[in-house]
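Biologist: I would like to learn how to read this structure. Please take me through it feature by feature.

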Amino acid sequence: MEKEGEQLCEAARNGDIDKVKALIGSGADVSYFDSDGLTPLMHAAKLGHANLVKTLLEAGAPWNALSSSNLSAGDFAMDSGHQEVFEVLLNAGIQAELILGTIARAGNKNSNSNGDYLEDRVSFSEGKLVDSDSKAIMMAWEKPLMEAHAKAICSGGGHILNIGFGMGLVDTAIQQYSPVTHTILEAHPEVYERMLRTGWGEKNNVKIIFGRWQDNLSQLESYDGIFFDTYGEYYEDLREFHQHLPKLLKPGGIYSYFNGLCGGNAFFHVVYCHLVSLELENLGFSMQLIPLPVKNCLGEEVWEGVKHKYWQLDTYYLPVCQFLQDSE
Ligand SMILES: C[S@@+](CC[C@H](N)C(=O)[O-])C[C@H]1O[C@@H](n2cnc3c(N)ncnc32)[C@H](O)[C@@H]1O
């Protein structure tokens with residue numbers, strides 16, 4: 001098996017599609033990792049062999065396998081500038097995640113993703129808010145990003161909704177635009193208690209709703225700007241929130257969310273940016289991703305004492321979604 005695996009990797013490197021097909025036909029393992037920790041798909045992607053990439057994917061090669069340095073075939077294609085291979089892998093990733101998502105939703109109907117986190121202790125310190133496991137809930141390096149999100153959702157003034165207070169960075173920035181009303185939904189008891197202690201309950205235009213957004217939809221109205229940034233939730237929760245957006249956002253209103261999906265891998269992040277774009281466009285929103293460089297605000301010292309480095313990319317893509325439908 002090992003011998004065929006090595007031969008498959010070599011044939012993939014050489015772009016020898018006939019040899020690859022013959023080896024697959026005789027049972028070679030398409031998900032084999034060679035002694036460098038690379039799969040045949042990674043080799044083909046790295047060298048830009050688009051047809052070979054398609055053949056390997058059709059034979060069941062995993063699009064999302066990772067090398068020992070945490071790179072996928074798509075990362076290799078991106079890094080080497082092989083556009084056609086990149087697009088083939090991107091489509092494979094989107095298709096696979098759409099199918100897996102549908103299966104997961106069918107089996108997961110009544111689960112509550114962040115029940116444990118909401119019962120857990122959190123602690124605030126200089127520059128960060130962490131859970132009891134030292135995982136960062138929110139960090140000060142995100143301040144310029146939060147300011148950019150606030151600017152986007154407040155561009156039309158009016159009534160603003162923010163879901164997830166955290167360190168209050170985005171809410172502080174929203175206040176600079178003096179919205180008519182500023183509604184904040186926050187589910188964690190200690191975060192909520194700190195909001196009250198620091199005077200958020202006394203601001204004239206602020207309405208705080210304590211609880212999970214899922215349990216408080218009936219208290220919400222419709223808004224000119226909405227921002228969504230929760231913790232301990234997953235893509236599925238974001239997706240579920242998006243199903244409510246057509247009711248929550250006024251025509252012409254702006255919606256944005258913290259775009260941290262798969263922030264540890266550049267190619268997976270691109271796959272998820274596309275998935276969310278597709279889904280929002282299907283719901284009647286236009287979607288733009290504005291690139292913001294973040295490399296310079298992210299030195300190694302930023303992550304000291306934090307368990308999981310949730311962001312490792314040089315660019316942040318700020319989503320700006322506009323509701324295009326006319327009101328009837
Ligand atoms: C990443 S922080 C938000 C950071 C915030 N954008 C800022 O600028 O500081 C996420 C917040 O969402 C809250 N949260 C988590 N799940 C929630 C839910 N289902 N409904 C409402 N708030 C939630 C968390 O308690 C936490 O305070």
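**Reading the model**

Modeller: Two bridges join E8 to strand E10 (residues 315-323), and the two run antiparallel. This is a predicted model, in which local features need pLDDT of at least 70, side-chain atom pairs count only at pLDDT 80 or more, and totals for chains, interfaces and linings use all residues. Residues are numbered from 1 along each chain as its sequence is written.

Biologist: What makes two strands a pair?

Modeller: Two strands pair if DSSP finds at least two bridges between them. Strands (E, at least two residues) and helices (H or I, at least four) are DSSP runs, numbered from the N terminus. The protein has twelve helices and ten strands.

Biologist: In which order do the seven strands of the open sheet stand?

Modeller: The order is E6-E5-E4-E7-E8-E10-E9, with mixed pairing. Strand E6 (206-210) and strand E9 (285-293) are at the edges; each has a single partner strand, so one side of each is left without a neighbour in the sheet. On average, neighbouring strands of this sheet are turned by 15 degrees against each other, direction ignored. Axes here are lines fitted to C-alpha atoms, for helices over the stretch in contact, and angles run from 0 to 180 degrees between N-to-C directions.

Biologist: Which strands does helix H8 lie across?

Modeller: Contact means that the C-beta atoms of two residues, placed from the backbone, lie within 7 Å. Helix H8 (residues 143-153) lies across strand E4 (159-163), strand E7 (223-228), E8, E9 and E10, and runs at about 15 degrees to E10. As for contacts in the protein with a separation of 6 or more, 68% are between residues 24 or more positions apart.

Biologist: Which other residue has a positive phi, near 40 degrees?

Modeller: Ser-178, a residue other than glycine, in the loop between H9 and E5. To judge burial, count the other C-beta atoms, placed from the backbone, within 10 Å of a residue's own: 20 or more is buried, 12 or fewer exposed, and in between partly exposed. Ser-178 has 11 and is exposed. Cys-262 has a positive phi near 55 degrees and, with 17 C-beta neighbours inside 10 Å, counts as partly exposed. Of the 328 residues of the protein, 36% count as buried.

Biologist: How many residues surround the ligand?

Modeller: A residue counts as near a molecule or strand if its C-beta atom, placed from the backbone, lies within 6 Å of it. The ligand is surrounded by 25 residues, the closest being Gly-164, Gly-166, Leu-169, Val-170 and His-188. At least two residues of this shell come from each of E3, helix H9 (169-175) and strand E5 (181-186).
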